[in-house]
Structures are given as C-alpha cells and as structure tokens.
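Student: I am new to this structure and would like a close look at one part of it. Please take it step by step.

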Amino acid sequence: QPWIKEQNRLIVAEKQFQAEREYRFQHKDGSYRWIHATLRFEYDSSGGLVNIWGYDLDITARKEAEKALHEVNTLLERQLRFLEQLYRLRARLAEARTPDQVITCVGQAFVEMGERITPLELIIEYDGKTWHFGQVPEGAFTVYERALTWKGQGRGQLRLRCAQPLCMLEEQTLLEEVIAQLSQALEACELELQLLQSSRLVSLGQMAAGVAHELYQPLTAIS
C-alpha cells in the first residue's frame, strides 16, 4: 500500500528502530481482516538501512470484540439518558393540572431527548386536538404508534418518529412507560375536572336551597 511505503520512508528518514501499526485489508474470500504489524529497522554505522524485519498478528477477533463492546456501551448510554428523561417527566407530570399542561410536559421531554440522543418528532392526538413537538430530518425515519386508552376506551393516539430505530428494550421502556404515564395523567385530569364540576353542582344546589329557604321564611312570617 502507498501509505505503508510512505510511513516506512519517514521511519527510515528519522532513523527509528521500531514501529507498530494496525491496518485492515480485504481477504481473498471477500472478508476484512485486521492486522497488527511490528517492524524493526537495522542500520549500519553510517546510518544506512541494512535490514527490515518484523511480524504480523491477526487481531480481527479483538477488533470485532472492541466494536461490539463500543456498541453495547453506546446503547447503554442511550438507555440511561432515556431513563433520566423519564424520571424528569414523572416529576413534571405530578405538577401538571390540565390536559394541555400534561401533553406539553410530555412533548418537552421528547424534544429534550431529541436534542441529547437522536432526533425525534412527537404527535399527540387527544380530545379532538393535535399537539406537535420536535422534528426529524427529511428522509427515512421509523414511526411508532400507540393508542391512549383508559377504562377500556380509546381516547387518543401518540405517534413518534425517530431518525434512528429504537431497540426492543428502548421501545418498551420509552414508549410503553410514556404511554402509561400520559394516560394516567390525562385520566387524573378528567377525574379532577369531573369532581370539580360535581362540586360546583353541589354548591349550586346548596345555594339554590339556601335562597329558597330565605324566600320561604318571610312568606311564613306574613302568613
């Protein structure tokens, strides 16, 4: 290879006695092999190159193991970031009081995930309205869809677009957990709204009864 010859020329010019390098080449069977080469250079008393000798080691297995380890570490780091965002989302949802606040909390969490991990685009449909958060680049992306359901009824839909596909574990921890938190939070908002409306009706009934009582007392005194 030309680059190997150039490296050897520089080594000789600098009068180095040993050099090591790693490189990849294509085997005759079509596969690629990684080689670790160790070279030793011998010079005469005048500094002229006398001999080059060395040996090569096939380190393909080590390189493949390093690549697999790097992929595992990258995946674990992504999953850790997802979990961090999910814990933050849970804390935010505890403070949300309206469906809009709940959905906005979820959308902001996904925007932050998209900025730190991989581009994400989230679309939530609920109660006849649509919320849109984030954006993925033009081109190929993976789409995940989940229904928002509680009490056995479909109440909306969550649609997630990812620039990079999620692994099975990420899909379970991210989508399923978010769907569960979102559904619970929206259901709680509906129950709170129903309780509030019931409380208002009770108050209105008590007020009407009080007014009727006040109206009835003067008529009783007159009669």
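Student: Which residue is the bridge partner of Val143 in β7?

Tutor: The bridge partner of Val143 in β7 is Arg161. This is a predicted model, in which local features need pLDDT of at least 70 and side-chain atom pairs count only at pLDDT 80 or more, while totals for chains, interfaces and linings use all residues. Residues are numbered from 1 along each chain as its sequence is written, and side-chain values use heavy atoms, with hydrogens and water left out.

Strands here are DSSP runs of E with at least two residues, and helices are runs of H or I with at least four, both numbered from the N terminus. Two strands pair if DSSP finds at least two bridges between them. Strand β6 covers residues 142-150, and β7 covers residues 153-162. Nine bridges link β6 and β7 in the antiparallel sense. The two strands form a hairpin with two residues between them. In that turn, Lys151 has a positive phi of about 55°.

β7 also pairs with β4 (residues 120-126), again antiparallel, through seven bridges. There, Tyr126 stands opposite Gly156 of β7. Strands of a sheet pair through backbone hydrogen bonds, either parallel or antiparallel.

Put together, these strands belong to an open sheet of four, in the order β5-β4-β7-β6, with antiparallel pairing. β5 (129-134) and β6 are the edge strands, each pairing on one side only. From one strand to the next, the twist averages 15°; axes are lines fitted to C-alpha atoms, for helices over the stretch in contact, and angles run from 0 to 180 degrees between N-to-C directions.

A helix lies on this sheet: α3 (residues 99-116) is placed across β4, β5 and β7. α3 runs at about 165° to β4. Contact means heavy atoms within 4.5 Å.

As for the setting, the protein has four helices and seven strands. Along the sequence they follow the pattern α-β-β-β-α-α-β-β-β-β-α. Of the contacts with a separation of 6 or more, 49% are between residues 24 or more positions apart. Buried residues (under 20% relative accessible area, with exposed over 50% and partly exposed in between, using a 1.4 Å probe and protein chains only) make up 29% of the 223 residues.
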